[in-house]
Amino acid sequence: MSDYAIEARELTKKFGAFTAVDNISFDVSKGEIFGFLGANGAGKTTAMRMLIALSFPTSGSAKVAGFDLLKQPEQIKRNIGYMSQRFSLYQDLTVRENIRFYGGIYGLSDQELASRTAELLQRLGLESESGQLVGSLPLGWKQKLAFSVAILHRPRIVFLDEPTGGVDPVTRRAFWEMIYEAAASGITVFVTTHYMDEAEYCDRVSIMVDGRIDALDTPANLKKIYDAGSMDEVFLQLARKATRTDG
Amino acid sequence: MDRIIVDQITKTYATGKGKKRVETPALRGISFACAEGEIFGLIGPDGAGKTSLFRILTTLILPDSGQASMDGLDIVRDYAKIRKRVGYMPGRFSLYQDLTVEENMNLFASIFHTTVRENYHLVKEIYQQIEPFKHRRAGQLSGGMKQKLALSCALIHQPRILLLDEPTTGVDAVSRKEFWDMLDRLKAQGLTILVSTPYMDEAARCDKVGLIQEGSLFSVDTPQGICDEFTTPLWAAASDEMYPLLKDLRRSPEVKTAFAFGDSHHVTLANPTPASEHQLQEWLRQCGHTGITWKRIDPTIEDRFMAFTTESHV
């Protein structure tokens, strides 16, 4: 098996005359924390939807978790985790019911489900809240729970779409520590964020501009290449080159 | 004169009945003032009480106790008048998704007995950026365009006070800077702006900042004043392996706090002396770290905020 969790080759997505994702090629190594940056409308979400097999590319191909995007989309879905930008758990189910629901969808046995639920609740310190409706939890807890649920079935890759938006600074850091733990356990992490300090926490970062990947390297190298003091400056230099309107 | 005066506002929500009744305090006596032509930033996490305060100041809900005035008008007695003078952009996109950009604008203008044409000059700069899409339904707009439309709708009746509840959450770094440039220009026109945000870097763009946590304002000052409240010496540490470094820093008895801050970790010491600094660096070398850098730095608002929130949980 290859050493890559994701191999994207000339992936393109067109909506009519509009090219949302324009011929992107890149590899993500196993166990890597890969930051997928770009301005609003640069094509990040469209690219991510193709990688998680929710949207079919207009042209190009990719291998995700070792499976062919065009031929084995269902295997891809089974072997990845996904935490969407908008909160992905059911607000009107309890903590325990949400875990049960997602575990069931991913085909965990009752036994696996029981042991992983207990472990998850203990790790998050949510044992006494397990019967509470998720809607009543603070945002920080919801985000941590959503992440834990997204990796409940031990996927090879987890895709996180702006997991820390609107979260307080302490919780944001606690969330990143969970990301590090997941990466250390061998799960590849593919993450988008608008916090440029978080770009520094990634092993490598790509920056999308107008549907293309205009830069891809480690944060340290990107700062060197763009002669910038921070990832914020790198991002601003690249994103300001965008010509297409925020559509 | 102060355009917004908030004096000891409290609000508690109750759920359930009888023995099952649970009371959740949302605001525990909030007080601050905001002058004409000033941007006041309310900084705090989800659940801190920011939205409750916005709803009280926009006269949508009543406080349990305390008083507040907007543009000299009492929020309880003069609620109808306040609504004409306040523009409100809620945290959640609240325009009509199935109306077009233009239809939303016309609707909000007509609610306030005006027309888009009459007040076009007020919104021109912002609205022009989305006008090419005026026949598109609001639900089909991108995040950045929705935000511009919501701001245009909040400004169309020429308010004197603008209340913006987390306008930049989920918005990219470039658009966030552009949004704050727009706020600066609105401020220059004399608008008073109360804005909440979870992005600590945006606090620096406010004239005054209030840090809010669990329904209490624990600090109100200029951005510099807030940074100055952080009196403990602060260092930035880095090495070739940043995550192991964070764990090793926390294992050291010399260290009081250690938090990741982009390309370095911000560290405070239990006993900040040169001897302790030396001991810590020696410990890091023993842990096998290479490329260690260690330097004294000035605190940011985020440092101050985190110091408060972590201390309050001890």
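Student: Against which elements do the buried residues of α8(B) pack?

Tutor: This is a predicted model, so read each feature with that in mind. Start with the general idea. An α-helix has 3.6 residues a turn, so residues three or four places apart point the same way. Now the case. In α8(B), residues 242-251, the buried positions are B:L245, B:L246, B:D248 and B:L249. They pack against β11 (234-238), β12, β13 (264-269) and α9 (274-286) of chain B.

Student: How many helices and strands does each chain have?

Tutor: Chain A has nine helices and ten strands. Chain B has ten helices and 14 strands.

Student: What does the radius of gyration say about chain A?

Tutor: Set the value against the globule rule. Chain A has a radius of gyration of 18 Å, close to the 18 Å that the rule gives for 247 residues, so it is as compact as a globular protein of that length. Its C-alpha atoms fill a box of roughly 50 × 40 × 35 Å along the principal axes. For chain B, the C-alpha trace spans about 70 × 50 × 40 Å.

Student: What share of contacts joins residues at least 24 apart?

Tutor: Take contacts between residues at least 6 apart in sequence. In chain A, 68% of these join residues at least 24 apart. In chain B, the share is 70%.

Student: In what order do the strands of the open sheet in chain A run?

Tutor: The order is β6-β7-β8-β3-β9-β10, six strands with mixed pairing. β6 (80-83) and β10 (212-217) of chain A stand at the edges, each with a single partner strand, so one side of each has no neighbour in the sheet. From one strand to the next, the twist averages 15°.

Student: Which pairs of strands are parallel, and which antiparallel?

Tutor: Take the pairs in turn. β6(A) and β7(A) run parallel, joined by four bridges. β7(A) and β8(A) also run parallel, with five bridges.

Student: Is β7(A) enclosed or open?

Tutor: Check burial along the strand. Five of the five residues of β7(A) are buried, so the strand is largely enclosed by the rest of the structure. A:I157, A:F159 and A:D161 point one way, and A:V158 and A:L160 the other.

Student: Which partners does A:I157 have?

Tutor: Begin with bridges. A:I157 is the bridge partner of A:I80. In β8(A), the bridge partner of A:I157 is A:T188. Beyond its neighbours within four places in sequence, A:I157 has contacts that include A:A5, A:I6, A:V64 and A:F190.

Student: Which residues touch the most other members of the largest nonpolar core?

Tutor: In this core of 83 residues, they are A:V64, A:I157, A:V158 and A:V189. A second, separate core of 70 residues includes B:M145, B:L163, B:L211 and B:I226.

Student: Which helices lie across strands in chain A?

Tutor: Look at which strands a helix covers, then at the angle. Helix α1(A), residues 44-51, lies across β3 (33-38), β7 (157-161), β8 (188-192) and β9 of chain A. It runs at about 155° to β7(A). Helix α5(A), residues 139-150, lies across β6 and β7 of chain A, at about 160° to β6(A).

Student: How many residues does each chain bring to the contact between A and B?

Tutor: Chain B gives 28 residues and chain A gives 30. On the chain B side, α5 (143-155), α6 (173-188), β12 (255-261) and α10 (301-311) each supply at least two. α10(B) gives the most, with five residues. By type, the chain B side divides into 13 nonpolar, ten polar and five charged.

Student: Is B:I161 buried or exposed?

Tutor: B:I161 is buried, with 21 other C-beta atoms within 10 Å. B:I161 lies in β7(B), residues 161-165. Its contacts beyond four places in sequence include B:R3, B:I4, B:M70 and B:T192. Compare sequence with space: B:Y88 is 73 residues away along the chain, yet its C-alpha atom is 8.6 Å from that of B:I161.

Key:
Residues are numbered from 1 along each chain as its sequence is written. Chains are lettered from A and ligands numbered from 1 in the order in which they are written. This is a predicted model: local features need pLDDT of at least 70, side-chain atom pairs count only at pLDDT 80 or more; totals for chains, interfaces and linings use all residues. Two strands pair if DSSP finds at least two bridges between them. Axes are lines fitted to C-alpha atoms, for helices over the stretch in contact, and angles run from 0 to 180 degrees between N-to-C directions. Two residues are in contact if their C-beta atoms, placed from the backbone, lie within 7 Å. Ala, Val, Leu, Ile, Met, Phe, Trp, Tyr, Cys and Pro count as nonpolar, Asp, Glu, Lys and Arg as charged, and the others, Gly among them, as polar. A residue is buried if 20 or more other C-beta atoms lie within 10 Å of its own, exposed if 12 or fewer, and partly exposed in between; C-beta atoms are placed from the backbone. The radius of gyration is taken over C-alpha atoms; the globule rule is 2.2 Å times the number of residues to the power 0.38. A nonpolar core is a set of buried Ala, Val, Leu, Ile, Met, Phe, Trp, Tyr and Cys residues joined through C-beta atoms within 7 Å.
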